[in-house]
Structures are given as structure tokens and as C-alpha cells.
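Here is a briefing on one model. It covers a pocket, a hairpin and a helix.

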Amino acid sequence: MSLDNPSTSPQRYLRIIDIGTCIGCGACEAACDFIHEGKPYIKVYRTSLGLEIPVSCLHCAKAPCIDVCPTGAMTRDKEGAVYVIASKCIGCMACLYACPFGIPQLDKALRISTKCDLCSDQRKKGLEPGCSSLCPTGAIVYSAEPVVFDIAKKKTAESWAKARYESLK
């Protein structure tokens, strides 16, 4: 089954991070650090504006990391998460160079690429990824694609309404 053809694909899930709602508390990073035993795949960065912004894999629909992987180690699961099959990875770092965000990392001890897999072990148990389940403001949302798009549209409408209301004052 191909995720590029929605009519033949299983339900796709997405994770979005609403920067407007995020308070930069680092709960997402701490949850990921705990779940992945000291290797967080989401990191909160302090920007020059003084804002704390979480950065993690976007699990791109057309993921360049998958396209360049010479062994097929970088792949996608049935829900849409991009992940690494460790036994196939040769540590060439092609995925790191192809990713426009520099997300994949080389585990120097194992000499393989690692990255966020949206907590595949958690998801197999019917749970959501740690970053979204522990976000105190709900800035990180993980859900079925239509639900995520609906949430994004509602947030856009709210933003536009606030801007219009402010302009009327």
C-alpha cells in the first residue's frame, strides 16, 4: 500500500506543533528523553527572540530521507511515521544530508541513523507519542489526518478572528 494514494492507504496520522500555543516549557523534550532513555528526538531551542521552540521530525509526505537511503533503512510505517530499520542502516548519513531540517542523527556507538519515530512502541500499545500526550497546553497534537487538519483550520479561523477584532478597536 502506498501512502501517496489516499484511496489505498490505511488511516494516516499526523503530529503538528502549534508554535502560537507552545509555552516552551520543555515537557515534550523531557518526555521524549525519558521514553528514549536519554536520547530525545524533540528538542526545545531558545531563539534570538527569546522564544523557546520545539523542533522534531516532520514526517514529511515526500520525505527526502527515504528517497536517498541506499539500503531502504529509512522507511514509513502504516500510520505515516518515518523511521529507521536499524538492521538495514549502514550509517552513511545520506538521510541527514537530504533532510532540509537536519533531523536524523548518527548514533556514534552503533554507527546507525536515529530519529523520531513518533514513539512507535507507545503507538503499538494504543497510546499517543509522549511529546503530545504530556504537552500541558495542547500545542502538540497527534491524531488522524482529518482531525489534525480540522484543528489547524479552527486555529487559523481563531487567529484571523482575533486579528479582525483587534483591527476594529
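**Pocket, hairpin and helix**

Helix H4 (120-124) gives the most to the lining of the largest pocket, with five residues. This is a predicted model, where local features need pLDDT of at least 70, side-chain atom pairs count only at pLDDT 80 or more, and totals for chains, interfaces and linings use all residues. Residues are numbered from 1 along each chain as its sequence is written, and side-chain values use heavy atoms, without hydrogens and water.

**Largest pocket**
- Its volume is about 610 Å³, the space filled by probe spheres set on the grid points, which are joined across faces, edges and corners.
- A pocket is an open set of points on a 1 Å grid over the protein atoms alone, where a 1.4 Å probe fits, with protein on both sides within 12 Å along at least five of seven lines; lining residues have an atom within 4 Å of a point.
- The lining has 24 residues, and Tyr-83, Val-84, Asp-117, Ser-120 and Asp-121 are the closest to the pocket centre.
- Strands E5 (82-84) and E7 (112-114) each supply at least two lining residues.

**Hairpin**
- Strands E2 (residues 42-46) and E3 (residues 52-56) run antiparallel, joined by five bridges.
- Ile-42 stands opposite Ser-56 in E3.
- Five residues separate E2 and E3 in the hairpin, and Gly-50 in the turn has a positive phi of about 85°.

**Helix H1**
- In H1 (residues 27-35), Cys-28, Ala-31 and Cys-32 are buried (under 20% relative accessible area, 1.4 Å probe, protein chains only).
- They lie on the same side of H1, because they cover an arc of only 95° around the axis.
- Glu-37, which follows H1, has a positive phi near 50°.

Terms used:
Two strands pair if DSSP finds at least two bridges between them. Helices (H or I, at least four residues) and strands (E, at least two) are DSSP runs, numbered from the N terminus. Buried means under 20% relative accessible area, exposed over 50%, partly exposed in between (1.4 Å probe, protein chains only). The arc is that of the directions from the helix axis to the C-beta atoms.
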